[in-house]
Amino acid sequence: MTFGEQPAYLRVAGDLRKKIVDGSLPPHTRLPSQARIREQYGVSDTVALEARKVLMAEGLVEGRSGSGTYVRERPVPRRIARSGYRPPGGATPFRQEQADSAVRGTWESRSEQAEACVGIAERLGIDEGDPVMCTRYVYRDAADVLMLSISWEPLALTGRTPVMLPEEGPLGGMGVVERMAAIDLVVDNVTEEVGARPGLAEELVALGGVPGHVVIDIRRTYFASGRAVETADLVVPADRYRLAYHLPVR
């Protein structure tokens, strides 16, 4: 192989990928067998197998037991709005993030007290082992799971206050900004670190994905006068959603 030339299995995978994308191999079509790939491209069984593995890892095809490998249906990505702007009318943060106003999203949550691990303590600016309120969320867009989230809030700030439980009390479900304002903490900054990674097995089960699928990983932290009041990990299936950021121009 000369310098800069792709390995044979990547060239085969690339050609098959092109056919999937342009519709030559439409969804639910059976992928050519390993023997057919070997004959069509003049490659070995090993190369044919590796090419199919690449397409499976990319989520373009799926194996069906006893039947073969088939092209997966490719969802049309929907937008999730990310913005510091809050519209009037008491919209919850999750409601605000849905770009399609015709869709009514729902969510489930579970809160429990925990001790901050090293990473969370660093993000919140507290000591390892300090008490935090940990809340796990499952967000749904119609029948589909849109997002998973875990948030942590220092109980040194919210403990023994009406907003100690994020989803209960008079401001339950109204979001960090309103809840913190109720205890005289003015949220004035939010940061989000966005990355991508293969989804964990338990995440993909909850999101309805398959092994190898990529997720968008968001690490969000709210601040009040430089002090972190909440930090959260959000996980979104990358093949179904796109993040749309609305940033003010100053």
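User: What should I know about the model and the numbering before we start?
Analyst: The model is predicted, so local features need pLDDT of at least 70, side-chain atom pairs count only at pLDDT 80 or more, and totals for chains, interfaces and linings use all residues. Residues are numbered from 1 along each chain as its sequence is written, and side-chain values use heavy atoms, with hydrogens and water left out.

User: OK, how many aromatic pairs are there?
Analyst: The count is 2, taking rings of Phe, Tyr and Trp (its six-membered ring) with centres within 6.5 Å; planes under 30 degrees apart are stacked, over 60 edge-to-face, the rest tilted. Trp107 and Tyr139 are tilted, at 6.5 Å centre to centre and 40° between the planes. Tyr137 and Tyr139 are stacked, at 5.4 Å and 15°.

User: Which residues form the aromatic cluster?
Analyst: Trp107, Tyr137 and Tyr139 form one cluster.

User: Switching topic: is Thr135 buried or exposed?
Analyst: Thr135 counts as buried because its relative accessibility is 0%. Buried means under 20% relative accessible area, exposed over 50%, partly exposed in between (1.4 Å probe, protein chains only).

User: And what does Thr135 touch?
Analyst: Its contacts (heavy atoms within 4.5 Å) include Ser109, Ser149 and Pro166, not counting residues up to four places away in sequence.

User: Last one, where does Arg64 sit relative to Tyr70?
Analyst: Arg64 lies over the face of Tyr70, 4.2 Å from the ring centre. For that, NZ of Lys or CZ of Arg must be within 6 Å of the ring centre and within 35 degrees of the ring normal.
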